[in-house]
Amino acid sequence: MILDMKKDKWILITRIFLVIFYGVGVAGFLIPATHDLFQRLVPLNLIISTVLLFLFHQNWSLRQVAVFSALAFSGYFIEVIGVQTGIIFGDYAYGKALGLKIFGTPLLIGLNWLILIYCIYVLFPKINQKWYYPFSGAAMLVLYDVIMEPVAISTDMWTWERENIPVQNYIAWYLIALLMLITLKIFRVSYQNRLAPWLLIIQFVFFILLRFLL
């Protein structure tokens, strides 16, 4: 009981911290004098979010570590192929906001894929094990990308060669997300994480606010 109370306390503290953390981020991007500074802080935001998220993951095992690592590396290499060839998402290029790049691709982009896939995976634990969940989960991730794309462009995360974002991008997002979610199901990764839904919702609200206010 005492341990459960301590967990509840830390969950609450972390949730409040994330609301403040992302709220400051919204304000920082909206204020012209601090926009560039907060743009440079995007990698730090991603790292902090990842660390906090997985602090609350339940039932760690070597298998789950291996699966998470594989998803992060796969996300990165898919993006490398996408940037270099344009055959996956369309013709696009990464800007400076996501930090250090190798082969024109930010090293942290793999973490971004992992966070999003994992958060979607644990979002609805009561229906997580249903056969259709990867399909609906991938659709939710595409919706997330639709909201995120204009913000990512305006904050120099990435840019598209053409003015309109290609439909190919959303199809690729769906298929990649579907395969990653199926992978998590096949390896029976634990879907117990009380912070994950909260983080996903906060990020979603973050991008909605910036989409309409920037």
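**Notebook: a predicted chain of eight helices and four strands**

I began at Arg-188, which I found exposed, with a relative accessible area of 68%; exposed means over 50%, buried under 20%, and partly exposed in between, with a 1.4 Å probe and protein chains only. I placed Arg-188 in the loop between α7 and α8 (196-213). Its phi is positive, about 50 degrees, although Arg-188 is not a glycine. Most residues other than glycine have a negative phi, and most peptide bonds are trans.

**Basis of the entries**

I note that this is a predicted model, in which local features need pLDDT of at least 70 and side-chain atom pairs count only at pLDDT 80 or more, while totals for chains, interfaces and linings use all residues. Residues are numbered from 1 along each chain as its sequence is written, and side-chain values use heavy atoms, with hydrogens and water left out.

**Whole chain**

I listed eight helices and four strands, in the order α-α-α-α-β-β-β-α-α-β-α-α from the N terminus. The radius of gyration is 17 Å, close to the 17 Å that the globule rule gives for 214 residues, so the chain is as compact as a globular protein of that length. Helices (H or I, at least four residues) and strands (E, at least two) are DSSP runs numbered from the N terminus. The radius is taken over C-alpha atoms, and the globule rule is 2.2 Å times the number of residues to the power 0.38.

Along its principal axes the C-alpha trace spans about 55 × 40 × 30 Å. I found 46% of the 214 residues buried. Of the contacts (heavy atoms within 4.5 Å) between residues at least 6 apart in sequence, 76% join residues at least 24 apart.

The chain exposes about 11,500 Å², of which carbon and sulfur atoms supply 72%; these areas come from the Shrake-Rupley method with a 1.4 Å probe.

**Helix α7**

I compared the span of α7 (residues 167-186) with expectation: at 1.5 Å a residue its 20 residues should span 28 Å, and the end C-alpha atoms are 29 Å apart, which agrees. The expected span is 1.5 Å times one less than the number of residues. Among the buried residues of α7 I noted Trp-173, Ile-176, Leu-181 and Leu-184. The buried residues of α7 pack against α4 (62-85), α5, α6 (133-154) and β4 (158-160).

**Helix α5**

I then took α5 (residues 109-123), one of the elements against which α7 packs. Its 15 residues should span 21 Å, and its end C-alpha atoms are 21 Å apart, which agrees. I recorded α5 as mostly covered, with 14 of its 15 residues buried.

I located Lys-101 in strand β2 (residues 101-102). Lys-101 is partly exposed, with a relative accessible area of 35%. Leaving aside neighbours within four places in sequence, I found Lys-101 in contact with Tyr-94, Gly-95 and Pro-106. Lys-101 and Val-80 are 21 residues apart in sequence and 9.9 Å apart in space, C-alpha to C-alpha.

Phe-103 lies in the loop between β2 and β3 (105-106). I found Phe-103 exposed, with a relative accessible area of 58%. The phi of Phe-103 is near 60 degrees, a positive value in a residue other than glycine.
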